Amino acid sequence: MKSLRRNTKRRFRLKGLLARIKGNPDVVRFHHNKVLLLPHGGDFFPALFRALSEAATSVCAEFYIIKADDTGQAFAHALIDAARRGVDVSLIYDAIGCFDTPSSYFHQLQDHGVRCLPFNKPAFLKLHWLDIRDHRKMAIIDGSTAFLGGLNVGDEYSGYGDSFERWRDVGIRIDGPAVAELQQLFWQTWEQERGPEDIQRPTCSPNDPAGDANVIIVNGSPHHNRPLIRNSFRLAMAGAVHRIRIITPYFLPGPRVVRSLLRAIKRGAQIQIILPSISDVPIVQMLSRAYLKPLLEAGAEIFARQGTILHAKVMLIDNRWATLGSANLDYRSFHRNFEINVIIDSRSFGTQMDTLFNEELACSTPITMDDHTRITRLERFLEWLLTPLSRLL
């Protein structure tokens, strides 16, 4: 009887989540998708390159960082080969994210028929808009298959999270009706950045049902009056009955998200969070400490992933609802970036994510209250001094 009441409560909360986000035009739900977990960069890029080699009509790619290393060169060759076959290929890259990438990299792509668009290129008249970035990572092939997650295009994202040179990250492949919406969002960004152009967009025919996964697409943008990415995280947390499991590289969630987690603990839900032991942005790791204390005191289990730099961004609710995409649990993803997240409602996919989380726990060590309080006066002073910067990170 108790189990029945808890399951009824869970269904009620999930229906409430759908009702609260359904009316937002930047949150769209699609039924009958097939979602494949690509649990490592070593799985993601071979699958992406294989799909690019099979592209027949169009490729739309959008990445925050694209490097000119081996992985970046393989990506460029795949795009060029597609363009040579007559495929319509378009690429959006963030101008600041790709600041270190030689301009010759993108000139080579353009010379071979790939349309390239730098997002928010620095300009004197747009200095006030300089920190607005396109943080998305996705590729859409033929309007029917999409790849997305937390992975940029670079060697450090392409491995199996087995060293500090090969980071730990996660991606997915989606086939089904949700892909057309992702392609529409790509062209919406293109038009916002470039303005009206005489470009014949590749058509996207309606996709047939491909699987059992319901997919909700959350389009995060700094233009929203209320941060949609943050609210989608909070609403998902509010739907949790049994457990919330989070993997995130940057944990600056703000007081509202912390309160959502604390409320879940009071309802009896288990909270488990995996953070990096060593961060590629150490200042964020230092500032995140302020948000860990109340969670540790309330009974949340927090872990530090060892052996590599953690860059994955996933959340699992009651082994059923998985949130995955480009957004971090931080102010920048909530308020300053263009982001793309998906919420996947699928029992089978939730089981895969649960297995992934358990594998990550085996590579992690617990963070205790003693660990949290064992810092020097200098560290406390730096934490106090740098806290105002958290909104810019």
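Tutor: In this predicted model, residues 24 or more positions apart account for 83% of those contacts in the protein chain that have a separation of 6 or more. The chain has 393 residues, of which 55% are buried, and its secondary structure consists of 13 helices and 16 strands. Its accessible surface amounts to about 17200 Å², with 54% of that area belonging to carbon and sulfur atoms.

Two packed helices are described by the angle between their axes and the distance between the axes. For helix H3 (residues 70–84) and helix H4 (residues 103–111), the angle is about 15° and the axes lie 9 Å apart. Angles under 35 degrees count as roughly parallel, and H3 and H4 are therefore roughly parallel to each other. The crossing of H3 with H4 is right-handed. On the H3 side, the contact is formed by Gly 72, Gln 73, Phe 75, Ala 76, Leu 79 and Ile 80, and on the H4 side by Tyr 105, Gln 108 and Leu 109. Sorted by class, this contact of H3 with H4 comprises six nonpolar and three polar residues, with no charged residues.

A second pair consists of helix H6 (residues 228–238) and helix H7 (residues 254–266), whose axes come within 9 Å and cross at roughly 10°. This angle makes H6 roughly parallel to H7. Here Arg 230, Arg 234 and Met 237 of H6 meet Arg 256, Val 257, Ser 260, Leu 261, Arg 263 and Ala 264 of H7. The contact of H6 with H7 contains four nonpolar, one polar and four charged residues.

Conventions: Residues numbered from 1 in each chain as written. Predicted model: local features only at pLDDT ≥ 70, side-chain atom pairs only at ≥ 80, totals over all residues. Heavy atoms only, no water. Axes fitted to C-alpha atoms, helices over the stretch in contact; angles between N-to-C directions. Helix = DSSP H or I, 4+ residues; strand = E, 2+ residues; numbered from the N terminus. Parallel < 35°, antiparallel > 145°, perpendicular 65-115°, else oblique. Left-handed = near helix turned anticlockwise from the far one by under 90°. Contact = heavy atoms within 4.5 Å. Nonpolar A, V, L, I, M, F, W, Y, C, P; charged D, E, K, R; others polar. Buried < 20%, exposed > 50% of the residue type's maximum accessible area, 1.4 Å probe, protein only. Areas by Shrake-Rupley, 256 points an atom, 1.4 Å probe, with all protein chains shown as cover.
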